[in-house]
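Hi everyone, thanks for making time this morning. I'd like to walk you through one model, so please have a look at it while I talk.

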Amino acid sequence: MSGVVHPPGEGGKRRAPSKRRWGSRLVLLAPALWLALFVLVPLLIVVRMSVSESVRARPPYRPQLPASLDPELWREALGELTLDNYRDLAASSLYGEALLTSLGLAFVATAIILVSGYGIALAVARAPQNWRMILLAAVVLPFWTSFLVRVYAWIGILKSDGWLNQAFLALGLISAPLAILNTNAAVVIGLVYAYLPFMILPLHASLEKQDPALLEAAADLGASPLRRFWTVTVPLSLPGIVAGSLLCFIPMVGEFVVPELLGGTETLMLGRVLWSEFFSNANWPLASAIAVVLLAILILPIVALRESERRRQEAAS
Amino acid sequence: MDSKTIIRIQTVTKRFGPAVAVRNVSLDLAEGEFFCLLGPSGCGKSTLMRMIAGFEEPDEGRIELDGADLVGTPPERRPLNMMFQSYALFPHMTVSGNIAYGLRRGGLDKAEQAARLAEMIRIARLDGFETRYPAQLSGGQRQRVALARALARRPRVLLLDEPLGALDRSLRESTQAELKELQARLGTTFVMVTHDQDEAMSLADRIGIMQAGSLIQAGSPREVYERPASRFVAGFIGAANLIEGTIIRREPVFARIALADGTEIEARAETGEPGDAVAVMVRPEHLSLAAGDVPGPNRLAATVTATAFLGDGVSIRARLASGQDIRVLAHGGAPEPLRGEAITLAFAADAARVVT
Ligand SMILES: Nc1ncnc2c1ncn2[C@@H]1O[C@H](COP(=O)(O)OP(=O)(O)OP(=O)(O)O)[C@@H](O)[C@H]1O
Ligand SMILES: [Mg+2]
């Protein structure tokens, strides 16, 4: 006897992959649907709003998109779309300043969070196994309380007769209360406090999976503890550093609650500007334009990062 | 071989909580020798190596290098290097980056570093792979990067923890030969952990056998093979038949042993007094088939239970009258006995050894 003999069960095996293909398609469909529904559609609505015109009416923008499919009506409506809101943004220095303030404060806060978060994540990752879960739980414990309440509580700590000033006065470190509340410093303190866990968690994830033998190998090859940290620990945690920094920086740039509660009148962050355009001035189109610009500015570094990552991988292979 | 002692391990004990990982081990390593640590899993081989490298500190005893106590010296200041079982290559560095890592703090200037790197690349036959990352290498190439990285600093002693464990059989054998050749050329003292006794036999100048944290015996491959210090060593190094019996008479070199069924045999003995329960070790290759009716000394009656043709000989499994299984390696054109056939096995008293 010659030729190919199919073992029994081969037929069943052959059916399995196509089943799996269907399964994997379904699995991909769910996030795609989710993205379309909750990311793409709202984004399109915001973009469309940003090229509309603000009017005193209900809804407060023009043009309305026609309900029928009549091409004539559509041409008319689309012809009314305008880039005026973007021109206004570019013309007024207020928005540029708010953007710079937002980026600056978010940057400073991210830097502080990175340094302090790294220390904490490292301590957790190097703690004995049975301590790790407890320490991680402590990191995420604040999430059990409302964000708003926790930030509000900082007012009590930072105000001129608050706990911090009283403690400093009692210790004789200062002779008169420091004006911390309603300054940029208070905003940075609030941001650092509120976003620290978002840095610690991804950092811990990348530090914990590092093979301890790598540090031993580095020591064996003559590297001091400091050199081991800079040449092994840090480079290998780079994905965690990037993920944590983005997770903190991006929402902080558009943050509204922290500057609203802890910042002064001069702390103009984009989130607040957007809020006041939307709710105080009822200028939905301008607020949308701010949101679109913010989005574009924040997406750029991510795209650049992906691009450089891709190029490095290409170079490597 | 230069017999100058380079590392002296003195009564070293290491505990992890209540468990004793290394128990009262003393061992001298000579400069330039190839020493293999052999033993079953969990017997403390890695722990002993890690104490020499400095990753663990002994609870008792001391470890000396060139007569100076090493205890308390961190690993980065010990002039020894270790090749890890998992290789522990830096995944974010290229082949060159990995090998050159230890050179940056080695007191060499830039040109010397570059020359040493090139030399190590050449020795490890990694030319053309300098810019690859570990993930882009085969298992054998990774193994050579790890070896080159550990040797780049020209350590006095190289510690290798199961360096060939992750390689497949054929690659393993060719790598063993390379390792031996490299060690001879560099003259570096090698201490290698393995639990493959063939590997230890073919590579080592001396073998140390560990059991449950203790170093049972250290000696040349021939010594531990021919004069095992215990039943454990006899069974661990090579195949051995251990025939249980009692000493009935003791002579200067030989002892007479009575087996349970009354058979009396003679074997070399270094220890043991009449009345002691001992085992007689006979290697399978030292047993031969004797014609059943010819009387003589050192004869054992047995029944064949299985045979296997090996090309250059026949492997026979047989059962003694006492019920004990015994292995025989018959060479050349010996007639192959049938299953169930009653045979008589013979051996020279010189080739048998009393172990306790
Ligand atoms: N860090 C540690 N903490 C607790 N116990 C340990 C530790 N390291 C080793 N041991 C224990 O010490 C004993 C010896 O371990 P070791 O790793 O030295 O064995 P080994 O001979 O290298 O084994 P293998 O051949 O499997 O690698 C084992 O029982 C092990 O469980
Ligand atoms: Mg081990």
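I'll start with how the model is read, then go through the chain contact, the ligand and a few local details.

Some housekeeping. This is a predicted model, where local features need pLDDT of at least 70 and side-chain atom pairs count only at pLDDT 80 or more, while totals for chains, interfaces and linings use all residues. Residues are numbered from 1 along each chain as its sequence is written, chains are lettered from A and ligands numbered from 1 in the order in which they are written, and side-chain values use heavy atoms, with hydrogens and water left out.

Let's begin where the two chains meet.

Eight residue pairs are in polar contact between chain B and chain A, both residues at pLDDT 80 or more. A polar contact is a pair of N or O atoms within 3.5 Å; within protein, one must be able to donate a hydrogen and the other to accept it, and residues adjacent in sequence count only if both atoms are side-chain atoms.

Side chains of opposite charge can pair when their charged atoms come close. The rule finds two salt bridges across this interface, a salt bridge being a side-chain nitrogen of Lys or Arg within 4 Å of a carboxyl oxygen of Asp or Glu. A:Glu216 forms a salt bridge with B:Arg50, with the closest N and O atoms 2.7 Å apart.

Over all chains, the count comes to 37 salt bridges. A:Arg132 and A:Glu208 make a salt bridge at 3.2 Å, N to O. A:Arg132 sits in helix α5 (residues 129-140) of chain A and A:Glu208 in helix α8 (residues 184-208) of chain A, so this pair ties together parts that are 76 residues apart in sequence.

On to ligand 1. The residues surrounding ligand 1 include B:Phe16, B:Lys45, B:Glu162 and B:His195, where near means a heavy atom within 4 Å. Helix α1(B) supplies the largest share of this shell, three residues. The shell divides into three nonpolar, six polar and two charged residues. Oxygen atoms of ligand 1 lie 2.4 Å from a side-chain N or O atom of B:Ser41, 3.2 Å from a backbone N or O atom of B:Cys43 and 3.0 Å from a polar backbone atom of B:Gly44.

Last, some local details. In chain A, the peptide bond from A:Arg58 to A:Pro59 is cis, with omega near -10 degrees, and A:Pro59 is in the loop between β1 (53-54) and β2 (61-62). The bond from A:Arg62 to A:Pro63 is cis too, with omega near 0 degrees. In chain B, B:Arg125 has a positive phi of about 50 degrees although it is not a glycine.

And where is A:Thr183? A:Thr183 is in the loop between α7 (163-171) and α8 of chain A. The side chain of A:Thr183 reaches the backbone oxygen of A:Ile180 at 2.5 Å and the backbone nitrogen of A:Ala185 at 3.2 Å.

Thanks, everyone.

How values were computed. Helices (H or I, at least four residues) and strands (E, at least two) are DSSP runs, numbered from the N terminus. Ala, Val, Leu, Ile, Met, Phe, Trp, Tyr, Cys and Pro count as nonpolar, Asp, Glu, Lys and Arg as charged, and the others, Gly among them, as polar.
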